[in-house]
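Reader: I have a new model on my screen. Please show me how to read it.

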Amino acid sequence: MIARLRQVALASLVLLGLLLTPAVGGAREYLQLFVNQPYLELHTGPGRGYPVFHVVPRDASVDVLFRRTDWFKVRTEHGVEGWASQQDMQKTVLADGSPFRFSLGDRAGFTAHRFELGMFAGQYGGATLVSGYGSLSFNSQLALEGALGQFLGKFSNGVSGDVGLTHVIAPEARWSPFLMLGLGLVHVEPKATLVQAANRTESTAYVGGGVRYYLTRRFFLRAEYKSHYVFTKRNQNEEVDEWKLGFAFFF
Amino acid sequence: METGIRVLLLTALLAGLPGCASVRDWYHQRAERRAASRAQSAPPPPSESAQDENAPPRVIEPEVARRKIKVPRIRSSNVEMGLDYGALSIEDFGTHPVYGITAAYHITEDFFFQGEAGRSRGGRTSFETLGGNVQLLTESERRFTYYDLSLGYNFLPGEAFIGRGIAMTSAFYLLGGIGGTDFAGDTKFTVNFGAGYRVVPADWLALHITVQDRVFQSSLLGTTKLTNNLEARIGTTVFF
């Protein structure tokens, strides 16, 4: 018991150490931008409701410290730090006079982005499914995706994981359909009441399709169907249907 | 057999489609390249040499190298990770300490996506206490482990003040999501909802107070019912 407690304490300390590392990181180079409108408003917090407490005049510069959601934390030449909105930052220019460009998280981002994350609820072979996925896009149409899910049913519980390619047929459309193909693993734990009550892990292959619907900002809905082919160690392979609906965001 | 062929055909079709995506721009690229090579091979227009003879000779060749500006990458700080500790009231099994980890991604100023995992222990039911030697669950089955994926909404953003000099941004937020709970030898689909309060004393640090209800169906005590497991926690998170 004491050894266990020590383990937990040690793990917590290591985690805390890891968490604090970025906070004490060294000096870094910041992007310098010049105000190109009559003035740049600085808010006290990263949100539309926070009051404006300072303005930076035209042609003065600000250093961009970091970005949180659609807000930029900036520092003026006089060392005043505040939050500037995405809309206002679009009107600033770089040192050579060219406009400052960055990803806005709008409809254009929905068409072409690098990463996606999302969560789903659904059915996996009749059992309730909780699932999450992540995606890395190579271009606006082709992406590598990984999904992890836990299914909880009357007769068995289990975990499934898969990796595959997704082809988005019309990335620019608001309702944009896609097709999927990949491989995975499934771990099934039958409940004790069944005769064949042995845990088993089996490899799978899937083919599927779905549709994503752009909601607003960085959000979209995603509904998909996967037909899993489970390569069992018994005489006959199995087919499992997976339906799920969820929401996701891109960045 | 028939399904096997169907899967095979679908597989071939799907394998072909991603390929088509990368092929799509080839035609345009080739046309552009052809136009570029044509422009290169074409002789310079004859009018230019005639103009040069009339123009005054250049005394100084200006050699101004255009300054290239290297744009440093802007650090994004949307991820929040941390630890928390609190009390969990497991229906019929008493209230016990709970500890957990959370990770959140702030999508917009209003919404964030959060994953949580935590662990606690169930105590003895009143039936076991009164019944003397009755044991409903083994020691390992009393372990209560949960995880969830939730969506959070910053419902009332604001600022909190300490004295005259310190102002911290804060938000009251709502949480709701789905997940699983492993308790009494079974994992149950669990719905959670709750609310929390976040204060951000520094750009990289946040303090949380959260109250959540974890609801799942249980038939442990004879009848099948929805159990409400209320949880209150305090936590510290760090922004990345």
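Reader: In what order do the eight strands of chain A close into a barrel?

Author: Strands of a sheet pair through backbone hydrogen bonds, either parallel or antiparallel. In chain A the order is β7-β8-β9-β10-β11-β12-β13-β14, with antiparallel pairing. The average twist is 25° from one strand to the next, with axes fitted to C-alpha atoms and angles run from 0 to 180 degrees between N-to-C directions. Strands are DSSP runs of E, at least two residues; helices are H or I, at least four; both are numbered from the N terminus. Two strands pair if DSSP finds at least two bridges between them.

This is a predicted model: local features need pLDDT of at least 70, side-chain atom pairs count only at pLDDT 80 or more, and totals for chains, interfaces and linings use all residues. Residues are numbered from 1 along each chain as its sequence is written, while chains are lettered from A and ligands numbered from 1 in the order in which they are written.

Reader: How many bridges join β13 and β14 of chain A?

Author: Twelve, between residues 219-231 and residues 238-250.

Reader: Into which domains is chain A divided?

Author: Domain bounds come from an automatic or database assignment. Here they give domain 1 (26-102) and domain 2 (110-250). Their centres, over C-alpha atoms, are 41 Å apart.

Reader: How many residues does each chain bring to the contact?

Author: Contact means C-beta atoms, placed from the backbone, within 7 Å. Chain A gives 48 residues and chain B gives 42.

Terms used. Contact = placed C-beta atoms within 7 Å.
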